[in-house]
Structure formats: structure tokens, C-alpha cells
Amino acid sequence: MLTRRLIACFDIANGRVTKAVQFQDNIDVAPADVLASEMYRAQIDELIFYDIYASPEKRQTDIETVKKVAARVFIPFTVGGGVRDLNDMYEVLKAGAEKISVDSAAVRNPEIIRDGAKAFGSQCVVLSTQVKRDPDVGRFPSGYQVYIDGARKAAGLDAIEWLKRGEALGAGEICLNSIDNDGTLNGYDIPLMKKAEAAVRVPLIASGGAGKPEHLADVFSQTQTQAAIISSMLYSPRLKKNYTPKELKEYLSEKGVAIRLFV
């Protein structure tokens, strides 16, 4: 039986974790390395870190914060934001990350996926994609369009066709974030995940919308999604109750979801 994974997602600004709703109204949460250490001790499976202003500001990833986080966690750690070429990928890996996430840079230069997979292996390259529902089925047959630069700019690409191209270029994993659901706490976009799993074979990560344990059970029971990103549920000040990874895993296990339980 496929073991599912829970991934804590950190949106990073100036070395600190910030939380937004549909990429707006960010509020400060905590220093990235401190929160990462808490999540690691609380038994999260993986961590993904996005430097949310690196791409729109056209600068490199915050390498010093990557180093601080990497020094405090001993689980798979993915870094994205500001990764524009092979040198940026190398610097992120050298700083302690195990995987590199490419998003806006890959849309602008798809060959970065192929180059990264060739240099470091497909297992190191995660294609992260921000998508939004779009009714123009003439241009976007899947009903979803890709957005870049922190979901600020429409890319003019059909989401599912872009995922297929990313897989063909060598991406070893795909993280699919629903802009419509992001931060809403109303659950993942399950129809989107079903379309993605019908189109590609690499592991899929669902992102955007988780607000309660039932949402995790829904995406894992209704799709073949291999991992789910959680953020608000873990640490958002907007929620009356936050959950620990251990609590979420125990709930999922009771619902029959194969999940890694720590002792």
C-alpha cells in the first residue's frame, strides 16, 4: 500500500515564515529555522520552503536561511524561489536542501528542468505550479491556467499540458497548488488532482486549501496523490486550533490511510 506523506510548507520573507490567503494579506508567523525545528520534532515527514519574493524581485534564493533551516532538520527538505539556473540549483543543494523546486523560472526557460535532472537527478527536481480555474476552454482545455511570479502573473499555459511537459523534461515530482483554494481552509481542489493524476505518472503533491484533518483524508482517499502540503493547519494565527503532525497522522491512520507513524 502506498504510504502518503505530510509536507509542511513555509512561505519565507526575510528569513521568517509568513502566511497568506490566496497569496495576499501576509501575516508574520515565526523565524524559519525555529518553526522548522518545531515541525521536525513534531514528526512532519518533509519540509518545503519557498522564498516568495525572490522571483518577483529577480534575485537568488535566501541561502543563509536555507542553511539555518537545513542545520535543524533531518528530513527531506525542498527549496524554491529564485532558482533560475544550474548554479542556483547547486547553491541550494550545497546549502543543505535535498530537492530543488522550480516554478516561474521553469515557465520562462523549460530547459532548466532537463538541465537540473541531468546534473543532479530527476529525484532532485520538483516542478511546482500555481494554477487557477479559467473558463476559456478554447485556450485552456483543462479549465486551469498556470500563473507565475507568486501567482501574480498569468502565464498563458494550460495547467495539465504544462505538467505533462514538465514530466517529459525530467521533473521527478510535481507540486500542484490551487490558487483558488489557497489559504481558504475549504479543502484541496480534488477535481484538479484527478486531472493531474490522469495525465502524469510522477508523484503528485496536493497544495492549497487544507483546513481540517478531513481534508487530508479526502484527498488521499479520493485520489492517488502521494503527498499533501499543510501550512495553516500547523501554525496559522488565524485558526482557533492548530494541529500537530502527530495528531494528523493518527487521524489518517484511523481512517485507513497508509501514513508513516513515529514512535
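**Ground rules.** I am working with a predicted model, in which local features need pLDDT of at least 70, side-chain atom pairs count only at pLDDT 80 or more, and totals for chains, interfaces and linings use all residues. Residues are numbered from 1 along each chain as its sequence is written, and side-chain values use heavy atoms, with hydrogens and water left out.

**Entry 1, the cavity.** A cavity is a set of points on a 1 Å grid over the protein atoms alone where a 1.4 Å probe fits but cannot get out; lining residues have an atom within 4 Å of a point. Points are joined across faces, edges and corners, and the volume is the space filled by probe spheres set on them. I found one cavity of 30 Å³ or more. The largest cavity has a volume of about 40 Å³. Which residues line it? I listed Ile-7, Glu-46, Leu-47, Ile-48, Thr-78, Lys-99, Val-126, Glu-173 and Ile-205. Strand 4 (residues 46-51) gives the most to this lining, with three residues. Strands (E, at least two residues) and helices (H or I, at least four) are DSSP runs, numbered from the N terminus.

Next I checked strand 8 (residues 144-148) and strand 9 (residues 153-158). They pair in the antiparallel sense over three bridges; pairing takes at least two DSSP bridges. Ile-148 stands opposite Lys-153.

Buried means under 20% relative accessible area, exposed over 50%, and partly exposed in between (1.4 Å probe, protein chains only). The buried residues are Ile-190, Leu-192, Met-193 and Ala-196. Why are they on the same side of helix 7? They cover an arc of only 150 degrees around the axis, taken from the directions from the helix axis to the C-beta atoms. The face turned away from the buried side carries the exposed residues Pro-191 and Ala-198. The buried residues pack against several elements, including strand 7 (125-133), helix 6 (159-169) and helix 8 (213-222).

I found Gln-60 in the loop between strand 4 and helix 2 (63-70). Gln-60 counts as partly exposed because its relative accessibility is 30%. Its C-alpha atom is separated by 7.7 Å from that of Gly-81, 21 residues apart along the chain. Leaving aside neighbours within four places in sequence, Gln-60 is in contact (heavy atoms within 4.5 Å) with Asp-51, Ala-54, Gly-82, Arg-84, Asp-88 and Glu-91.

Definitions and conventions. 1 Å grid on protein atoms, 1.4 Å probe; cavity = no way out; pocket = protein on both sides within 12 Å on 5 of 7 lines; lining within 4 Å.
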